[in-house]
Amino acid sequence: MLLIKNGYIKTMAGEDIVGGSVLIGDDGKITAVGKELELSGEGEIIDAEGRLVTPGCVEAHCHIGVHNSSMRWEGADYNEKSDPVTPHMRAIDGINPIDETFSEALRYGVTSACTGPGSTNVVGGTFAAIKLVGKRVDDMVIKAPVAMKVAFGENPKGAYGQASHKAPVTRMATAALLRELLFKARNYLEAKEGEKAPTFDIKLEAMIPVMRKEIPLKAHAHRADDIFTAIRIAKEFDVDLTLDHCTDGALIAEDLAKEGYPAFVGPSFGSKGKIELQNKSFDTPAALYRAGVPISIITDAPVTPLERLPLCAGYAVSAGLPYEEAWRAITINPAKQTGIGDRVGSLEVGKDGDLVIWEGDPLKAINIPAYVTVVDGKVVYHA
């Protein structure tokens, strides 16, 4: 058992607890949150000494493990550039948990991440939600698959149209390729559920969880028109959707609020490296929040290093996002919006014992690391 005591506890499930405690059982699950808790048997006690204690941070969109710290081709397994439509690719088959980016993320309080294919392909394959501790990805999975990656805008056009004059050359072709796949997947599922099963097709098999609304389309979309195209197609085929990046979100915030899809905003840090990023700003999370759009903040690591997730939330606060909402945007919001909120994102009885004792408040000061990081009730980093 592990008892964290004398902390300023942000549960993300209710009021903050001053001088609070979190008790984690031998099974790695939280058994109690409150004041004056005691161990009922043998175990470890960590005195937080008044420090801030929060759930482990949750990243809703990154490429950790499939894009390793090496930037050469051998470290890049996140884009299968042989075909613009590859729904049968699976993140879990390309994740390298030994990469140093995992330990760096833990040092700065990020304990869970949704990671997967990049945005070269119109359809790139499935994301996985994983803990950032371990040597074997099979033992790190929270949920897989968690989403089907699709991409709009400059990236698929640049990878195929400009390079080889292979579709998609235009945004119209990107939409058409996705529609074609969804149409075939719908027919395939209907046939499979009918009297005569169709001939096996691995691409269409991979799309079945999307068609059954078990996982959403995870739509890489920066520009406003691309965001609306993603919504148009999702509604046309009655599938779930998340709006990842949502760079132009502030320009269309009221429209997006009416639609109700979650927005994973970022990466907002760094230069505007392509035309469709011209409206990139830390003002976007606040604008979307004020309009009523459900938001999470993302790094898109390695675009912004994953350990800078709390820093990005802090910058969003400085740009007008309420402090409490910024914490929600890197804990409980991404957990719920990626379908893993039953496991992580808040400090509640029955959830995984993932938490961070901070050296300071990472949303109020720059480069604040963890004092202690705990995953599944085990200390995985200690300053």
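Modeller: Happy to, and please keep in mind that this is a predicted model.

Colleague: Let's start with helix 3 and helix 5: are they roughly parallel or roughly antiparallel to each other?

Modeller: Helix 3 covers residues 171–192 and helix 5 covers residues 224–237, and they pack with their axes 11 Å apart at an angle of about 20°. Angles under 35 degrees count as roughly parallel. Helix 3 and helix 5 are therefore roughly parallel.

Colleague: Nice. How many nonpolar, polar and charged residues does the contact of helix 3 with helix 5 have?

Modeller: On the helix 3 side the residues are R171, A175, L178, R179, L182, F183 and R186, and they meet D225, D226, T229, R232, I233, E236 and F237 of helix 5. Sorted by class, this contact has 6 nonpolar, 1 polar and 7 charged residues.

Colleague: On to the aromatic rings. Is the pair of F269 and Y315 stacked, edge-to-face or tilted?

Modeller: The ring centres of F269 and Y315 are 5.8 Å apart, with 40° between the planes. Planes under 30 degrees apart count as stacked and those over 60 as edge-to-face, with the rest in between. The pair of F269 and Y315 is thus placed by its 40° as tilted.

Colleague: How many residues apart in sequence are the parts that this pair ties together?

Modeller: F269 sits in the loop between strand 12 and helix 7, while Y315 belongs to helix 8. F269 is partly exposed at 38% relative accessibility, and Y315 is partly exposed at 30%. The pair ties together parts whose separation in sequence is 46 residues.

Colleague: And which residues of helix 8 are buried?

Modeller: Helix 8 has 10 residues and 7 of them are buried, so it is largely enclosed by the rest of the structure. Its buried residues pack against several elements, including strand 6, helix 7 and helix 9. The buried ones are L309, P310, L311, C312, A313, G314 and A316.

How values were computed
Residues are numbered from 1 along each chain as its sequence is written. This is a predicted model: local features need pLDDT of at least 70, side-chain atom pairs count only at pLDDT 80 or more; totals for chains, interfaces and linings use all residues. Side-chain values use heavy atoms; hydrogens and water are left out. Axes are lines fitted to C-alpha atoms, for helices over the stretch in contact, and angles run from 0 to 180 degrees between N-to-C directions. Helices (H or I, at least four residues) and strands (E, at least two) are DSSP runs, numbered from the N terminus. Angles under 35 degrees count as roughly parallel, over 145 as roughly antiparallel, 65 to 115 as roughly perpendicular and the rest as oblique. Contact means heavy atoms within 4.5 Å. Ala, Val, Leu, Ile, Met, Phe, Trp, Tyr, Cys and Pro count as nonpolar, Asp, Glu, Lys and Arg as charged, and the others, Gly among them, as polar. Rings of Phe, Tyr and Trp (its six-membered ring) pair if their centres lie within 6.5 Å; planes under 30 degrees apart count as stacked, over 60 as edge-to-face and the rest as tilted. Buried means under 20% relative accessible area, exposed over 50%, partly exposed in between (1.4 Å probe, protein chains only).
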